[in-house]
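My entries follow in the order in which I made them.

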Amino acid sequence: MQNLDLLLEEYDLLHMKEEILKIAASSIGIRKENIKEDDIPVGSSKFGGLPDLPSHFSFPAYNDGYLTFLVQLNLEEAKPFDKNNLLPNKGIFYFFYDIMEQPWGMDEEDEGCFKVLYFDGDLTKLKRTPYPEETEDYFPLPAYKVTFHEKFSFSEEFEGAEWDDERIEDFYEFREHIMQETEEDVNYPMHYMLGQPFNIQNDVFEEIIYYENKEKLSWNSKEIRSKAEDMVLLFQMDSDDDLEVMWGDAGILYFCINKENLQKRQFDAVKFTLQCY
């Protein structure tokens, strides 16, 4: 993680450090390592290539084909950075999505456009699993090893210190810098788990709650904001040239889950949406 004090000083916010840390959310940053897939141990965290599945798991079917494998995240590798102890201690998350059509996830016809699987059994039973069939929509992502690190994320709206307009603008620039992890003129893709989503349009949590309950709840209502507080960002996947993916117009995929469902490991209850510029 970047040196926080140096970054705060760069944006003339060092004197606000205590207030800023109060609104900081703990996230788990994700970086890629360019290693041949054959050299990535089975069961390790990885983007793309082929997933390491147990024999009783299969590629999720969708429409007339299959979803594309995005990433597998080994939780034993990620757990040291889970400061709020939200994730299971072990197991693997697998994320799949229709990367050809790229549904935004909140329309009725989008049902089944993504899938999150969870396995917490014996990792020695995993096998690198090929796609069931290669069709014209067959588009596996390039394989990259995954590493994890500590990361801060911030909401765009918060209660607390009263800042003047100039300081608020400084904070938003600081927020974007630290969440995008800009280092030496390199902008790393914003792949991470937990904390606050990097919203491109509306608040991601509130948008999911609204479209799940749009017959019952009004937009920007107290009820939506209350329910949004119980949401957890399970995983956020940015557009990424290395992985050859562009979500809409330089967008982001968000996989979210209610805290209670996360505690019960009910990952069939994960919600999904896509936002782009």
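I began with the lining of the second largest pocket, which by class has 10 nonpolar, two polar and nine charged residues; here Ala, Val, Leu, Ile, Met, Phe, Trp, Tyr, Cys and Pro count as nonpolar, Asp, Glu, Lys and Arg as charged, and the others, Gly among them, as polar. This is a predicted model, in which local features need pLDDT of at least 70 and side-chain atom pairs count only at pLDDT 80 or more, while totals for chains, interfaces and linings use all residues. Residues are numbered from 1 along each chain as its sequence is written, and side-chain values use heavy atoms, with hydrogens and water left out.

The second largest pocket is lined by 21 residues, and Gly105, Glu111, Gly112, Phe114 and Glu212 are those that lie nearest its centre. A pocket, on a 1 Å grid over the protein atoms alone, is an open set of points where a 1.4 Å probe fits, with protein on both sides within 12 Å along at least five of seven lines, and lining residues have an atom within 4 Å of a point. I noted about 480 Å³ of space in the second largest pocket, a volume being the space filled by probe spheres set on the points, which are joined across faces, edges and corners. At least two lining residues come from each of β8 (114-119), α5 and β16 (271-275); helices (H or I, at least four residues) and strands (E, at least two) are DSSP runs, numbered from the N terminus.

I then turned to the largest pocket, with a volume of about 1000 Å³. Its lining holds 32 residues, with Ser155, Glu157, Gln196, Phe205 and Glu229 nearest the centre, and I sorted the lining into 14 nonpolar, eight polar and 10 charged residues. Which element gives the largest share of this lining? I found that α6 does, with four residues, while β1 (24-33), α5 (204-212), α6 (222-228) and β14 (231-238) each supply at least two.

For the overall build I recorded seven helices and 16 strands. The radius of gyration, taken over C-alpha atoms, is 19 Å, close to the 19 Å that the globule rule (2.2 Å times the number of residues to the power 0.38) gives for 277 residues, so the protein is as compact as a globular protein of that length. I also noted that 52% of the 277 residues count as buried, where buried means under 20% relative accessible area, exposed over 50%, and partly exposed in between (1.4 Å probe, protein chains only).

Is Phe69 buried or exposed? Phe69, in strand β6 (residues 68-74), counts as buried because its relative accessibility is 0%. Beyond neighbours within four places in sequence, Phe69 has contacts (heavy atoms within 4.5 Å) that include Lys46, Leu50, Phe59, Tyr94 and Leu141.

Val42, in the loop between β1 and β2 (46-47), is partly exposed at 42% relative accessible area. Val42 touches Asp52, Leu126, Lys127 and Arg128, residues up to four places away in sequence not being counted.

Last, I checked phi, since most residues other than glycine have a negative value. Leu194 has a positive phi near 65°; Leu194 lies in the loop between β13 (192-193) and α5 and is buried at 2% relative accessibility. Arg265 also has a positive phi, of about 60°; Arg265 sits in the loop between α7 (259-263) and β16 and is partly exposed at 38%.
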